[in-house]
Amino acid sequence: MTITITTSNVNGIRAAKRKGIEDWAGKHAPDVWCMQEVRAPQEDVDSIFGEFGFEYATAGKIASPSDLHSLNEVCRVKGRAGVGLLTDLEVTDKRYGLPGLSEDVDSGRWIETDVKTPQGYTITVACVYVHAGNTDDSTKMEQKYRFLDTMLTRMGELRDEAAHGGKQAVLCGDFNIAHTPLDIKNAKANEKHAGFLPEERAYVDKWLDEYEFVDVMRSLAGDIQGPYTWWSQRGRAFDNNVGWRIDYQFATPELAETARGFVIDKAPTYELRWSDHAPLTITYDV
């Protein structure tokens, strides 16, 4: 019995709704759907999540729209960040925010839920939106590194729980870091740009080596160039596939072992996109 987990930066859920995200929801209806950059007030999130419930019910994933569980955190800085999570699985716990961060700019970036699979296997899913950073703005880089440092504490706790027979975990989201030259089209040209700085990439090294998380998509794809999950709106980046891989699922080893396949659902044309990111869906046999 498999479950599907999707992560997608929606680049503003209200704009995505105007561009057809509901059609995608009805067609794919993942068992867990993590969204970043929701960028909408609570009443709009509630309304659109309610419509997703109808899509899931129409697709036969749930009996009625109210059976779709949701959690979200709106960023306290208007128009920024915002994370949301939908699931048709049984939810046993919900947690909001990354412990240790209280500034407004760090809100709407981390939520966790414990879900139970049809076999009764409970896993922790975190929906994560890391600061983008900007090398021309030292404050924004400080915010990014502070967030990444605080993440390490929580990742260590999740790793230890998984390693000692507790819940396995997966971190899904837009981490705003391309890990290696395989994850970015123009590596050399971006070595001094936020998202591909050596200091940022070192965090991903640490997650994989010291914290023992697995970059699930990369483990499935092998050492190939890409595939990418984000393309700049500038120029013809999308048409020419000049992209970055910055959306990931990082899982604890036992859960990562159950991964069976992945799909990056890149739109067929620029006009048919509902975000500048493509959803990353991974199928797990748990």
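This is a predicted model: local features need pLDDT of at least 70, side-chain atom pairs count only at pLDDT 80 or more; totals for chains, interfaces and linings use all residues.

Trainee: Where is Asn-176 found?

Mentor: Asn-176 is in the loop between strand S8 (168–174) and helix H5 (198–209). Its phi is near 50 degrees, a positive value in a residue other than glycine.

Trainee: Does Asn-176 count as buried or exposed?

Mentor: Buried means under 20% relative accessible area, exposed over 50%, and partly exposed in between (1.4 Å probe, protein chains only). At 13% relative accessibility, Asn-176 counts as buried. Arg-39, in the loop between strand S2 (32–36) and H3, also has a positive phi, of about 50 degrees, although it is not a glycine. Arg-39 counts as partly exposed, with 24% relative accessibility.

Trainee: In what order do the strands of the open sheet lie?

Mentor: Strands of a sheet pair through backbone hydrogen bonds, either parallel or antiparallel. Here two strands pair if DSSP finds at least two bridges between them. Six strands form an open sheet in the order S5-S6-S7-S8-S12-S9, with mixed pairing. Its edge strands, each pairing on one side only, are S5 (90–96) and S9 (214–215). Between S9 and S12 (residues 247–251) the pairing is antiparallel, over two bridges.

Trainee: Which residue of S12 is the bridge partner of Asp-215?

Mentor: The partner is Phe-250. Asp-215 itself belongs to strand S9 and is buried, at a relative accessible area of 6%. The C-alpha atoms of Asp-215 and Tyr-248 are separated by 7.0 Å, although the two residues are 33 residues apart along the chain.

Trainee: Which residues of helix H3 are buried?

Mentor: They are Val-45, Ile-48, Phe-49, Phe-52, Gly-53 and Tyr-56. Seen down the axis of H3, these residues fall within an arc of 165 degrees, so they line one face of the helix; the arc is that of the directions from the helix axis to the C-beta atoms. On the other side of H3, Glu-43, Phe-54 and Thr-58 are exposed.

Trainee: What is the volume of the largest pocket?

Mentor: Rolling a probe the size of a water molecule over the atoms shows where empty space is left. On a 1 Å grid over the protein atoms alone, a pocket is an open set of points where a 1.4 Å probe fits, with protein on both sides within 12 Å along at least five of seven lines; lining residues have an atom within 4 Å of a point. Grid points are joined across faces, edges and corners, and a volume is the space filled by probe spheres set on the points. The largest pocket has a volume of about 950 Å³. Its lining has 37 residues, and those nearest its centre are Ala-132, Gly-133, Asn-176, Ala-194 and Trp-230. Helix H4 (138–163) and strand S11 (243–244) are the elements that give two or more residues to this lining.

Definitions and conventions:
Residues are numbered from 1 along each chain as its sequence is written. Side-chain values use heavy atoms; hydrogens and water are left out. Helices (H or I, at least four residues) and strands (E, at least two) are DSSP runs, numbered from the N terminus.
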